[in-house]
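Please keep the sequence and the model in view while reading.

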Amino acid sequence: MRLIGELILSCELDAIKTTSFNDPVYCGDCLNISKIWSDSGISELLFSITKYHRKNNSYKKIGNVTGNPEINEYFSDYISNLRVPASICIYPEIEDCHRLFECGFDRVGFCYEKGKETEIEYAVDVLRSQYGSQATFLVYEVCKIGKYVDELSEFINIAEKWGVGELIFKDIAAENKCADTEFCKKLAELARDSEILIGYSGGLQYEKEKLGKLKFFSSLSLGGDITFIGSNNVLPGF
Amino acid sequence: MTIKILSLGWGNIQKLHVYFSRFSSTEIVSDLFLEDRDILVLPGVGNFDYLSMVLNKKAMRKKLDKHVNTGGRFIGICSGYQILYESSEESNLPGLGYLKGRVTRLPRLNMGWRDTTAEFKKVYFMNRFAVTQDDLTKIDNYNYFYSYTLEGTRIVSQISNDHLLGMQFHPEISREECSQLIADFIN
């Protein structure tokens, strides 16, 4: 079983938690939390940086964040001592990616965004040819992009063509809506024939319905390994 | 004796440095100035093509050959282990050819903790390419150990003799699980 702890970070690299992806609240220093998770037996840590900035003890959502230039200094000497592999999801800035690998991250991934395909494809290509395809992943935020069943196979083909190591579908059951059974079904079908590893978070209801024994897991890596992607909101203690 | 981790100018080698420092004095080096007793570590983040291009350059290759041919010890990790074979499906360029076999593409990424046929427990894999049992020509005096991917492909997870230790898995992540293996090889 792969248990991935996802730490959602603000632009200032504070760990935050949200309610239905709104109203982020500071919940601790991300390095402390990741150390606790790392020692507690999870398989991997995934750092996701959001577009939230702290201002006067509250968080203000802003747009067009291009990455935090201090990120490497912050993580350096720390990630190397973690007991688990560490992945980070950032904007496809090549120089940032190189520095993150240098400071100890094992994988760097990008959130898929319409209109940014060329940029992401270029970044994946550069990183893949230098670090290997296993060092890259692509995140598809379902709540943000939408559950477009018709476009799924096309999207998976694109990800395979780009050569990413893994494709993670996140936030399927966002905003307290039930998981989309059709979406999960189609995803499961496509994943069986896919060359890349596919994981998704959400889909709890579908799994409960079809695979009773998995009811405690809200995620399943369709590559065959059970994967639980738990964020600050749901992992114990947070 | 010093463990020398070869840095080719990219990649995550800090974790390796932290890990190997527990066994002996460890340095990150960018060129191969090796003493007889030094152990060379070829790290595991990288594409076969890129590694082959760098390591097969005349000066570097000469130093590697000298180290291996004079009984120097060598640890290869992940792609740093794959490059020890003759060729790879990932590249048109040749490998170093110290081991007989071809690296092939797996049906999909092999990532996570897996059992191996070695004595230790689970170790961590993160690889898209591997040497399968079918693509291997065994050499006398080497010990071979295997692991299965989730799709059931039997891959060579570890190969060793007194001078060479190749690991498809990541010891810097597997840590305690394979510490004895590394300690035995080093000592």
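## The interface between chains A and B

In this predicted model, chain A and chain B bury about 2,600 Å² between them, with 49% of that area on carbon and sulfur atoms. On the side of chain A, the residues that lose the most area to chain B are A:Gln130, A:Gln134 and A:Glu195, which together account for 22% of what that side buries. Counted by contacts, 36 residues of chain A touch 27 residues of chain B.

Between the two chains there are seven residue pairs in polar contact, both residues being at pLDDT 80 or more. Helix 3 (94-102), helix 4 (117-131) and helix 7 (181-193) of chain A each supply at least two residues of the side that touches chain B, and helix 4 of chain A gives the most, with four residues. By class, this side of chain A comprises 12 nonpolar, 13 polar and 11 charged residues.

## Salt bridges across the interface

The rule finds three salt bridges across the interface of chain A and chain B. In one of them, the side chain of A:Glu195 meets that of B:Arg128 at 3.6 Å, N to O, and A:Glu195 also forms a salt bridge with B:Arg105, at 2.9 Å, N to O. Because B:Arg105 lies in strand 6 of chain B and A:Glu195 in the loop between helix 7 and strand 11 (197-201) of chain A, the latter pair joins two chains. B:Arg105 is partly exposed, with a relative accessible area of 38%, and A:Glu195 is likewise partly exposed, at 36%.

## Salt bridges within the chains

Over all chains the count comes to 13 salt bridges. Within chain A, the side chains of A:Arg107 and A:Glu166 meet at 2.9 Å, N to O, and this pair links distant parts of the chain, with A:Arg107 in strand 8 (residues 107-111) and A:Glu166 in strand 10 (residues 166-170), 59 residues apart. A:Arg107 is buried, with a relative accessible area of 1%, and A:Glu166 is buried with a value of 1%.

Within chain B, B:Asp115 forms a salt bridge with B:Lys122, the closest N and O atoms being 3.6 Å apart. B:Asp115 is partly exposed at 48% relative accessibility, and B:Lys122 is partly exposed at 39%.

## Helix 2 of chain B

The buried residues of helix 2 (residues 48-55) of chain B are B:Phe48, B:Leu51, B:Ser52, B:Val54 and B:Leu55. Seen down the helix axis, these residues fall within an arc of 170 degrees, so they line one face of the helix. Their cover includes strand 1 (3-6), strand 3 (39-42), helix 3 (58-69) and strand 6 (102-114) of chain B, among other elements. At the start of helix 2 of chain B, a side-chain oxygen of B:Asn47 reaches to within 2.7 Å of the backbone nitrogen of B:Asp49.

Terms used:
Residues numbered from 1 in each chain as written. Chains lettered and ligands numbered in written order. Predicted model: local features only at pLDDT ≥ 70, side-chain atom pairs only at ≥ 80, totals over all residues. Heavy atoms only, no water. Buried < 20%, exposed > 50% of the residue type's maximum accessible area, 1.4 Å probe, protein only. Arc of directions from axis to C-beta. Contact = heavy atoms within 4.5 Å. Polar contact = N/O pair within 3.5 Å; in protein donor to acceptor, adjacent residues only side chain to side chain. Buried area = accessible area lost by both parts, 1.4 Å probe. Salt bridge = Lys/Arg side-chain N within 4 Å of Asp/Glu carboxyl O. Nonpolar A, V, L, I, M, F, W, Y, C, P; charged D, E, K, R; others polar.
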